[in-house]
Amino acid sequence: MQGSSAQGPPTPAPSTPARSTQRGQAKESRRQALLSAAASLFAVNGFNRVSLEDLGAAAGVSGPAVYRHFPGKQAVLADLLVTVSQELLDGGRQVVARNADPASALRCLVEFQVDFALGKPDVIRVQDRDFSNLSEQDQAAVRALQLSYVEVWVDVLAKLHPDTDIAELRMRAHATFGLINSTPHSVRSHGRKMAARSARPLLESMALAALLVDAPQD
């Protein structure tokens with residue numbers, strides 16, 4: 001029989017990993033709240049008219065607390081635009097991977113882009129207006145991701161238009177992005193916002209028409 005005095009009290013199961021996971025999730029949640037607030041505030045007021053204190057207040061934290069997540073306001077803008085560009089590229093690649101038929105892939109790419117435009121109009125406004133406020137390095141990162149996203153579309157278009165010059169296919173893709181991404185402006189009429197359920201099918205049909213139309217013959 002073993003004596004109980006030879007052993008100390010039972011060691012509690014370590015809870016550090018769980019606490020660490022909870023802290024990490026809470027930190028990521030605050031970071032996402034800051035990015036969401038930044039998209040809204042930058043879209044309405046412009047990057048230069050928004051302070052870190054404004055961002056913190058909108059996200060429910062103090063201004064100095066923002067520095068726990070970002071080294072400065074420019075880093076918030078960079079994270080916002082780089083992250084969105086990466087999400088578009090990853091999402092576009094996933095769409096193509098799920099659709100072997102190029103016609104289906106193109107239709108799903110259009111639907112994916114329309115979802116983005118209708119879901120994140122503030123980010124589109126920020127990209128259009130405040131891209132120049134990024135550092136040169138961050139501008140290059142965003143451009144590289146966006147160019148790769150264009151090529152996802154071009155690869156699909158090349159299968160549907162095998163005799164068309166690649167430069168023209170890129171132009172079609174860029175023109176389609178312009179059409180779809182104008183949503184933050186075009187869905188408004190006399191100060192009233194068009195419902196997404198009405199805007200979506202119109203945008204999708206117009207985009208597909210532009211992408212699939214035969215080029216005029218010389």
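**Exercise 1. Determine whether Arg31 and Asp79 are buried or exposed, and describe how their side chains meet.**

Solution. Step 1: Arg31 is buried, as is Asp79; buried means under 20% relative accessible area, exposed over 50%, and partly exposed in between (1.4 Å probe, protein chains only). The model is predicted: local features need pLDDT of at least 70, side-chain atom pairs count only at pLDDT 80 or more, and totals for chains, interfaces and linings use all residues. Residues are numbered from 1 along each chain as its sequence is written, and side-chain values use heavy atoms, with hydrogens and water left out.

Step 1: The two side chains form a salt bridge, with N to O at 2.8 Å. The term denotes a side-chain nitrogen of Lys or Arg within 4 Å of a carboxyl oxygen of Asp or Glu.

Step 2: Arg31 belongs to helix H1 (residues 16-45) and Asp79 to helix H3 (residues 73-98), so the pair ties together parts that are 48 residues apart in sequence. Helices (H or I, at least four residues) and strands (E, at least two) are DSSP runs, numbered from the N terminus.

**Exercise 2. State which helices are linked by the pair Arg200 and Asp115, and classify the exposure of each residue.**

Solution. Step 1: The side chains of Arg200 and Asp115 meet in a salt bridge of 2.3 Å, N to O.

Step 1: Arg200 lies in helix H9 (residues 196-212) and Asp115 in helix H4 (residues 102-119); the pair links distant parts of the chain, 85 residues apart.

Step 2: Arg200 has a relative accessible area of 28% and is partly exposed. Asp115, at 42% relative accessibility, is also partly exposed.

**Exercise 3. Carry out the analysis for Arg170 and Glu151.**

Solution. Step 1: In the salt bridge between Arg170 and Glu151, the closest N and O atoms are 2.6 Å apart.

Step 1: This pair joins helix H7 (residues 166-181), which holds Arg170, to helix H6 (residues 136-160), which holds Glu151; the residues are 19 apart.

Step 2: Arg170 is partly exposed at 34% relative accessibility, and Glu151 is partly exposed with a relative accessible area of 26%.
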